[in-house]
Every structure is written in structure tokens, then in C-alpha cells.
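Subject: Handover of a structure for your review

Dear colleague,

Please find below the structure that I am handing over to you. My notes on what was found in it follow directly after.

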Amino acid sequence: EQWQARVAVVDNENRLQDLYFESRARPEIEKCFFKGKISKILPGIQTAFVDIGQSRSGFLHITEIDRARAVEPLDGELDDEGAEILPLAEVTTLIPKSQMDISKIFKEGDVVLVQVIKEPMGEKGAKLSTCFTLPGKFIVLMPNISQIGVSRKIEDAAERDRLKEIVTSYLPSGMGAIIRTTAENKSRENITKDLAMLVSVWHAINKKFKKAEIGEKVHEDLPITLRAVREHLDDDVEAVICDLEEDFLAVQRFIKYFMPDYLRVLRLYTETLTVFEHFGIEKQINPLLDKKA
């Protein structure tokens, strides 16, 4: 539609399971990275307000600051590969967040890379974090948190160990990752390819951060169509159906690069009736939007 993009996930009887909306008029900023500037610090509530170029400053609470900053604040220098030099590898004892003091980590005027973790709402600005995450198909990269996690849904101990070994052997020093459920039984090649893409994205973020103006967006997540494919496309999916050729081609490129075996399920819908009406999705959405007594 002209004013929004919608993605529906349905079961094999066309019953609605998940629904995603994205406004074309007001792009979302959740998961986006910004070059921000500390505009105010309130030690009493352990919060810093950050100018990220929006109508209202974002807020950064102490619980969303990576603990390495309390030991050795980042200086923004870059190595030869464009990756920010992180102190996590040398940190042996991290200060508990309950003992951190935001006024000793930041001062007004500091320039900082932040990620939006919650959209602005009403009079409240965006919620920010410096505990960065970059989601991929099989891996969520944590570029400044050196921990490895595995989805609890992967129950086989041998498979968990195999995945940890693959990720640990590839991750650059100081980085961490969460291994997603979708990684289960996937090849080393598939997992390292996903990880390599995420590491290269992090390097690109750092390079752009160095050159960006205050308040400039330096990275944004995939559009909603590709996010849905990334989150849901697996062996259980029978079809991915796009009703716009532009989206179809974008999804086709994405699947071809990351999951070429699934190209067979991609379809372009060209019928007169809208795709949501054709599959009975529209009539399932409307009752959900009705006011409840």
C-alpha cells in the first residue's frame, strides 16, 4: 500500500500467526544506530539524554551501557580494518552495573555511538543503548560484549558445542554472539558467512560513525519484508509471496545470497484481488482492530 508495508505469516490453513506493519510516511528508527551527543546527565536517575537528530533527545539509562565503559571509556579510534578498538579483551573484572556511576562514564558534550532499542512514544524520546546487537539469519552479533550464548530451543548438547566451536573460532577478539535457533544443524559455511556479513556491517558502522555529523543515522536494519524473511524462512515455510515486483526482487536477492536453497518457495503475486484479501488475511485483521467492550 502507498502509506504502509505489511507482512503476514499464516499457517497452512491461512490462519494468521504474525503480522508486521511498517509506515512508509514515518520510517521506524528502532534498531538504528546514530552518532549522538550527550546533552544532559541526570546522575540521580542514572540517565543521560542524547541528541540523535530527532525532535526529542533519546535517553540512555545506566542499565543500557556496556560495562567496559566504566573501566576504560572508548576513545573512538579505529584500527586498520575500520573496527573500533574495544577494551573488553583486556578487562578481567567488570564493575557491576549497580555500582556504575553514569556521571563518571559520560560528560555533557561527549560524542557517542548509540542504538535505538525502543521507538519514541508521546512526549518521551527514543530509548537508547550502547550494548549493541546486529541480528543475522543464524547469529546475533554483539560487537562490544564478549559472551557467547546459544538459543535454549537447541537442546542437543553436541549440537550446542558444535555451534559454539564454529562461532568462537571465527569471532574477532572482544566480540560476542547469540546463536539463534535457526542455526541448528546448519553448515559451518552458512554460519560463518552470516557472521562475516555481520562483522563487516559493524566495521562499516564504525567507519561511517567517524565521518558522520551529530544526529546522523549511521546504520538501519533491513526493511520489514527482508526482516520477516530473515526471521521466519526455514524448512517449514511452503511459500513466500510478494505482491510488489520491487519487494519480490529484493527478497530474491536476499534469499539468493543467504539461503539459496529456498529460492524455490518465492512467488510473485499478480492477481487483481489484493494478496491479503485473496488469502483471507484482511478479514482476520479487522476484528483485531475493533474496540473491545
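**Nonpolar cores**

In the largest nonpolar core, which has 27 residues, Ile 139, Leu 141 and Trp 202 touch the most other members. A nonpolar core is here a set of buried Ala, Val, Leu, Ile, Met, Phe, Trp, Tyr and Cys residues joined through side-chain atoms within 4.5 Å. At least two residues of this core come from each of β9 (139–142), α3 (157–170), β11 (176–179) and α4 (188–211). The most is given by α4, with eight residues. A second, separate core has 20 residues, among them Ile 105, Val 114, Val 116 and Ala 126. Helices (H or I, at least four residues) and strands (E, at least two) are DSSP runs, numbered from the N terminus. Buried means under 20% relative accessible area, exposed over 50%, and partly exposed in between (1.4 Å probe, protein chains only).

**Basis of the model**

This is a predicted model, in which local features need pLDDT of at least 70 and side-chain atom pairs count only at pLDDT 80 or more, while totals for chains, interfaces and linings use all residues. Residues are numbered from 1 along each chain as its sequence is written, and side-chain values use heavy atoms, with hydrogens and water left out.

The predictor's confidence in each residue is given as pLDDT, from 0 to 100. The chain averages a pLDDT of 87, and 88% of the residues score at least 70. Over residues 72–93, pLDDT stays under 50; the model has 39 contacts beyond four places in sequence for this stretch. A contact means heavy atoms within 4.5 Å. Where pLDDT is low, the predicted coordinates should not be read in detail.

Helix α5 (residues 224–232) is mostly covered, with seven of its nine residues buried. These are Ile 224, Thr 225, Leu 226, Arg 227, Ala 228, Val 229 and Arg 230.

**Salt bridges**

How many salt bridges does a search of the whole structure find? The search finds twelve, a salt bridge being a side-chain nitrogen of Lys or Arg within 4 Å of a carboxyl oxygen of Asp or Glu.

One of them joins the side chains of Glu 28 and Arg 227, at 3.9 Å from N to O. Glu 28 lies in the loop between β2 and β3 (33–42) and Arg 227 in helix α5, so this pair ties together parts that are 199 residues apart in sequence. Glu 28 is partly exposed, at 31% relative accessibility.

Another salt bridge, between Glu 231 and Arg 230, has an N to O distance of 3.3 Å. Arg 230 is buried, with a relative accessible area of 5%, whereas Glu 231 is partly exposed at 32%. Both residues belong to a network of salt bridges that also links Arg 180 and Asp 221.

The side chains of Glu 220 and Lys 217 also meet in a salt bridge, at 3.2 Å from N to O. Glu 220 is partly exposed, with a relative accessible area of 44%, and Lys 217 is partly exposed at 28%.

**Loop residues**

Gln 46 is found in the loop between β3 and β4 (47–51) and counts as buried at 17% relative accessibility. Its phi is near 50 degrees, a positive value in a residue other than glycine. A polar atom of the Gln 46 side chain lies 3.1 Å from the backbone nitrogen of Ile 102. Leaving aside neighbours within four places in sequence, Gln 46 is in contact with Leu 60, His 61, Ile 62, Met 100, Asp 101 and Ile 102.

Lys 31 also has a positive phi, of about 80 degrees, although it is not a glycine. Lys 31 lies in the loop between β2 and β3 and is partly exposed, with a relative accessible area of 33%.

Thr 130 lies in the loop between β7 (127–129) and β8 and is buried, with a relative accessible area of 0%. The C-alpha atoms of Thr 130 and Val 114 are separated by 5.2 Å, although these residues are 16 residues apart along the chain.

**Cysteines**

A search of the whole structure finds zero disulfides, a disulfide being a pair of cysteine sulfur atoms within 2.5 Å. Cys 131 is buried, with a relative accessible area of 17%, and Cys 242 is buried at 9%.

With kind regards

Conventions. Polar contact = N/O pair within 3.5 Å; in protein donor to acceptor, adjacent residues only side chain to side chain.
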